[in-house]
Amino acid sequence: MNTDDWKRVLSRDPVMAGLVETHGAVTLTPAENAFERLCVSIINQQLSTASAEAIRERVFGLFDGDLTPASVLAVDSEPLRDAGLSRTKVEYLRNTAVAFRDRDLSQERLSSLSNEAVVDELTRIKGIGEWSAEMFLIFALGREDVLPLGDLAIRRGLASLYDVTERDEMRTVAEPWRPYRSYGTLYVWRAYES
């Protein structure tokens with residue numbers, strides 16, 4: 001995919017053109033470790049960016065860079081709780097580890113599925129909702145056409161940038177960004193966080 005392609009599509013929208021100009025180029029690169037990326041989404045659920053980052057750093061510190069299904073299942077709950085995870089999130093991490101261990105959720109297999117099929121596959125895991133699955137599509141698989149309206153920052157960013165409040169209005173605003181809505185999403189996040 002050529003950077004000029006998504007820039008050209010997004011720049012048809014004057015608001016998005018301004019964001020591209022202000023924030024420069026963004027990239028979508030598939031994660032090296034799909035399991036780890038899904039764990040990040042679990043940790044980040046319903047937390048501010050700063051809180052999620054602090055907890056994520058402590059959790060990852062427990063694994064010395066080796067966050068795998070086996071390592072998550074081998075660690076006791078107490079260190080995970082001491083790192084800042086709720087009992088529920090510890091359960092969700094373990095559920096995810098079991099699913100990755102017992103089912104073919106390899107990055108290669110998931111990459112071959114449609115967005116909808118990936119969401120269906122991942123939401124079978126207790127604790128993985130649509131938001132986490134959409135984050136996985138963007139950040140683990142590098143999918144270019146995802147609009148995660150379950151994300152509060154995206155909804156607030158779209159409301160602020162486009163003066164829209166309803167999800168249907170937000171979908172309409174983002175429709176011209178196809179097939180690069182993930183890039184538009186990255187710019188909305190950047191605008192919201194700045």
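**Thr-172**

I looked up Thr-172 and found it exposed, at 57% relative accessibility. I used a 1.4 Å probe on protein chains only, with buried meaning under 20% relative accessible area, exposed over 50% and partly exposed in between. This is a predicted model, so I noted that local features need pLDDT of at least 70, that side-chain atom pairs count only at pLDDT 80 or more, and that totals for chains, interfaces and linings use all residues. Residues are numbered from 1 along each chain as its sequence is written, and side-chain values use heavy atoms, with hydrogens and water left out.

Thr-172 sits in helix 12. Helices here are DSSP runs of H or I with at least four residues, numbered from the N terminus. A polar atom of the Thr-172 side chain lies 2.9 Å from the backbone oxygen of Asp-168. I also checked Thr-172 against Thr-123: they are 49 residues apart in sequence and 26 Å apart in space, C-alpha to C-alpha.

**Ala-117**

I placed Ala-117 in helix 9, residues 115–122. Ala-117 counts as partly exposed, at 26% relative accessibility. From Ala-117 to Phe-35 I noted 82 residues in sequence and 17 Å in space, C-alpha to C-alpha.

**Aromatic pairs**

I searched the whole structure and got six aromatic pairs. The rings of Trp-6 and Tyr-183 are stacked, because their planes are at 10 degrees, with centres 4.6 Å apart. Trp-6 is in helix 1 (residues 3–10) and Tyr-183 in helix 13 (residues 181–193), so this pair ties together parts 177 residues apart in sequence. Both Trp-6 and Tyr-183 are buried.

Next I took Tyr-162 and Trp-177, a tilted pair at 6.3 Å centre to centre and 50 degrees between the planes. The rule I used: rings of Phe, Tyr and Trp (its six-membered ring) pair if their centres lie within 6.5 Å; planes under 30 degrees apart are stacked, over 60 edge-to-face, and the rest tilted. Tyr-162 belongs to helix 11 (residues 152–162), while Trp-177 is in the loop between helix 12 (167–174) and helix 13, 15 residues apart. Tyr-162 is buried, with a relative accessible area of 17%. Trp-177 is buried at 0% relative accessibility.

I logged one aromatic cluster made of Trp-6, Tyr-180, Tyr-183 and Tyr-187.

**Helix 13**

I checked the length of helix 13. Its 13 residues should span 18 Å at 1.5 Å a residue, and its end C-alpha atoms are 18 Å apart, which agrees. The expected span is 1.5 Å times one less than the number of residues. Helix 13 is mostly covered, with 10 of its 13 residues buried. The buried residues include Arg-181, Gly-184, Trp-189 and Ala-191.

I then looked at Ser-182, also in helix 13. Ser-182 is buried, with a relative accessible area of 0%. Leaving aside neighbours within four places in sequence, Ser-182 is in contact (heavy atoms within 4.5 Å) with Leu-28, Ile-138, Arg-143, Glu-144, Asp-145 and Val-146.

**Largest pocket**

Last, I turned to the largest pocket, which holds about 870 Å³ of space. A pocket is an open set of points on a 1 Å grid where a 1.4 Å probe fits, with protein on both sides within 12 Å along at least five of seven lines; lining residues have an atom within 4 Å of a point. The volume is the space filled by probe spheres set on the points.

I counted 32 lining residues, with Asn-44, Leu-47, Thr-49, Trp-131 and Asp-151 nearest the centre of the largest pocket. Helices supplying at least two lining residues each include helix 3 (34–44), helix 4 (49–62) and helix 10 (130–139). Helix 13 gives the most to this lining, five residues.

Methods:
A polar contact is a pair of N or O atoms within 3.5 Å; within protein, one must be able to donate a hydrogen and the other to accept it, and residues adjacent in sequence count only if both atoms are side-chain atoms.
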